[in-house]
Amino acid sequence: MTTATVVVEGVEIPEFLIAEEVQHHPSANPLEARTAAGKALAVKALLLHRADELGLVAQPLTDEDGREETVEEALIRATLDAEVDIDPPGEAECRRVYEAQRARFSTPVLTEAAHILIEPQTDDAEGWDDARRTAQATLDQLIRRPTQFAELAKSVSACPSGEVGGSLGQLGPGDVVGEVERALAGLEPSEILANPVRSRFGWHVLKLERRIEGRVLPFEYVEEKIRLHLESRAWAAAATRYVSELADRARAQGVAFSLTRDGRFAEGSLSLGEMLADGASAARLEAWLEASDPALAGRVRDAAKAEDLEVATFVRRAARHFVDHADDEGWTQLISASQGSADPAVAAMASILKTKLTPKAHAHTYTIIKRR
């Protein structure tokens, strides 16, 4: 049985897990969805592995909508709570944000407006054209006699507001459909819009009665809101750095050979990095190369001699350099080279040396590997 795998954030992830996870990361670009799925699985595995290292036990919580955490979600929360710490922002920092962004901490602009709604009698083009002509005729009458707005609203408006002269009351952002809100934003107080405005409800004849500009709220009123925002932003940044550090450690140690179906490191799995650090593997390499690739064995001996090193020492240094500097694509390709070998560490070392001693003609493309 073969299992395709790919390395993300220093973690080797079976392809079937990515295929299952990708549905939770909708994107217009399939590659972006796969990347997000791989990232999510890698972060989950790293955090759960760290929870196991810390010996954490967490009780799942229930949110305000009645949704209960899974055991894994609870462990991830507990891990972040235990290891991610931030300094809470003080009053001075909150006040700097307030002074720099005062417009953000203002009440919204409010408008008082009225309208006359002319509904189409049918939903076809002819019905909408008839309604537009009626709205225009009503507007023409108002241009001649603006004081008749309330009277006309009572007699012709299809909106219940017609009973109160078309008054819509005091409106905040989002209280009316976007077409009407944008049209009112361009009017001066007491002005009637020169053209009817169409929305899904029909044609509107609009009048702005009054605009109430927003006012800046006192610092004391918004201080706690600012503090919570700064804390949330600082915590998110700290958590991102923390996960990045876990990924760096995973890369330094070498990727885990497998994840279980629940997305955790397989118990007792030995990482390729640990195998590469095995001095015995380096010592076995020369004989293995003589049998499998004599030409490469000769190049390795020549390179080691040029640096006045024993072959095993030269090999260990090359392996250590790879572990310290390889990216996820490099690990993916290395694991691919070691697949199916009776001695994966030696096969991986041979691949590192072949890459090191062979001039690159062009950059390699990203590959998906298979394990047997």
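Tutor: A residue is called buried when its relative accessible area is under 20%, exposed when it is over 50%, and partly exposed in between, with a 1.4 Å probe and protein chains only. The model is predicted, so local features need pLDDT of at least 70 and side-chain atom pairs count only at pLDDT 80 or more, while totals for chains, interfaces and linings use all residues. Residues are numbered from 1 along each chain as its sequence is written, and side-chain values use heavy atoms, leaving out hydrogens and water.

Helices (H or I, at least four residues) and strands (E, at least two) are DSSP runs numbered from the N terminus. Helix H11 covers residues 294–306 and helix H12 covers residues 311–325. Their axes come within 9 Å and cross at roughly 90°, which makes H11 roughly perpendicular to H12. An axis here is a line fitted to C-alpha atoms, for helices over the stretch in contact, and angles run from 0 to 180 degrees between N-to-C directions. Angles of 65 to 115 degrees count as roughly perpendicular, under 35 as roughly parallel, over 145 as roughly antiparallel, and the rest as oblique.

Contact means heavy atoms within 4.5 Å. On the H11 side, Val300, Arg301, Ala303 and Ala304 make the contact, and on the H12 side Val311, Phe314 and Val315 do. Six of these residues are nonpolar, one is charged and none is polar. In this count Ala, Val, Leu, Ile, Met, Phe, Trp, Tyr, Cys and Pro are nonpolar, Asp, Glu, Lys and Arg are charged, and the others, Gly among them, are polar.

The loop between H11 and H12 contains Asp308. This residue is not a glycine, yet its phi is positive, near 55°. Asp308 has a relative accessible area of 71%, so it is exposed. Elsewhere, the loop between H7 and S5 holds Ser190, another residue other than glycine with a positive phi, about 75°. At 53% relative accessibility, Ser190 also counts as exposed.

A nonpolar core is a set of buried Ala, Val, Leu, Ile, Met, Phe, Trp, Tyr and Cys residues joined through side-chain atoms within 4.5 Å. The largest one has 33 residues, and those touching the most other members are Leu272, Leu276, Leu285, Val300, Val315, Trp331 and Leu334. At least two residues each come from helix H9 (272–276), helix H10 (279–292), H11, H12, helix H13 (328–338) and helix H14 (344–357). H12 gives the most, with eight residues.

Leaving aside neighbours within four places in sequence, Val315 is in contact with Ala282, Leu285, Val300, Met349 and Leu353. A second, separate core of 30 residues includes Leu41, Leu75, Val243 and Leu246.

From C-alpha to C-alpha, Ser292 and Ala350 are 9.9 Å apart in space, although 58 residues apart in sequence.
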